[in-house]
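Here are my notes on this model, written for someone opening it for the first time. Have it on screen while you read, and take the points in order.

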Amino acid sequence: SSDPTIWDVVIEAPAGSIYEGSTFFVEILFNKAKPHFVPAVKFKTLMFHPSLGKNGDYDMRGLAPYWNIKSSMELLYRYLITDMRDLKEKMC
């Protein structure tokens, strides 16, 4: 996209997760008017996860207390990867 507030990214599933070996296409939408808001995350690749809505929208409320205007994509990425990895432990 030519819009700098919309990013298309690829996430490789973390080793040891139930998604290991999978690749996910994700759209990240930044709020230009409110950069201190957590970006919206939408998975374009089908997957099951309790934080994922039926349209691929990922529930990012868990990241909200840690997100601020100085936060980086690294924080967002680590949140998603940790959430994927921890699901295996939560299901067992």
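1. Start with Asp-59 and Arg-61, whose side chains meet in a salt bridge, N to O at 2.6 Å. The term is used here for a side-chain nitrogen of Lys or Arg within 4 Å of a carboxyl oxygen of Asp or Glu. Asp-59 counts as partly exposed, at 29% relative accessibility, while Arg-61 counts as exposed at 64%. The cut-offs behind those words: buried is under 20% relative accessible area, exposed is over 50%, and partly exposed is in between (1.4 Å probe, protein chains only).

2. A word on what you're looking at. This is a predicted model, in which local features need pLDDT of at least 70, side-chain atom pairs count only at pLDDT 80 or more, and totals for chains, interfaces and linings use all residues. Residues are numbered from 1 along each chain as its sequence is written, and side-chain values use heavy atoms, with hydrogens and water left out.

3. How many salt bridges does the structure hold? The count is 3. Another of them links the side chains of Glu-27 and Lys-44, at 4.0 Å from N to O. Glu-27 sits in strand 2 and Lys-44 in the loop between strand 3 (40–43) and strand 4, so this pair ties together parts that are 17 residues apart in sequence. Glu-27 is buried, with a relative accessible area of 16%.

4. Then there is Glu-74 with Arg-78, where the closest N and O atoms are 2.5 Å apart in a salt bridge. Both belong to helix 1 (residues 73–91), and being 4 residues apart there puts about one helical turn between them. Glu-74 is partly exposed, with a relative accessible area of 46%. As background, side chains of opposite charge can pair when their charged atoms come close.

5. Now the overall layout. The protein has 1 helix and 4 strands, and along the sequence the pattern reads β-β-β-β-α. Helices (H or I, at least four residues) and strands (E, at least two) are DSSP runs, numbered from the N terminus.

6. The 4 strands form an open sheet in the order 1-2-3-4, with antiparallel pairing. Strand 1 (6–12) and strand 4 (57–58) are the edge strands, each pairing on one side only. Two strands pair if DSSP finds at least two bridges between them. Strand 1 is joined to strand 2 (residues 23–29) by 7 bridges, strand 2 to strand 3 by 4, and strand 3 to strand 4 by 2.

7. Which residues of strand 3 lie on its covered face, and which on its uncovered one? Val-41 and Phe-43 are on the covered face, whereas Ala-40 and Lys-42 are on the uncovered one.

8. Val-41 and Phe-43 turn up again in the largest nonpolar core, which has 20 residues; together with Leu-80, they have the most contacts inside it. Such a core is a set of buried Ala, Val, Leu, Ile, Met, Phe, Trp, Tyr and Cys residues joined through side-chain atoms within 4.5 Å. Strand 2, strand 3 and helix 1 are the elements that give two or more residues to this core, and helix 1 supplies the largest share, 6 residues. Leu-87 is buried, with a relative accessible area of 5%. Leaving aside neighbours within four places in sequence, Leu-87 is in contact (heavy atoms within 4.5 Å) with Ile-18, Tyr-19, Phe-48, His-49 and Pro-50.

9. Finally, the whole protein. Of its 92 residues, 33% count as buried. The C-alpha atoms fill a box of roughly 40 × 30 × 25 Å, taken along the principal axes. The accessible surface comes to about 6,100 Å², with 56% belonging to carbon and sulfur atoms; these areas come from the Shrake-Rupley method with a 1.4 Å probe, and for residues only the protein chains shown count as cover.
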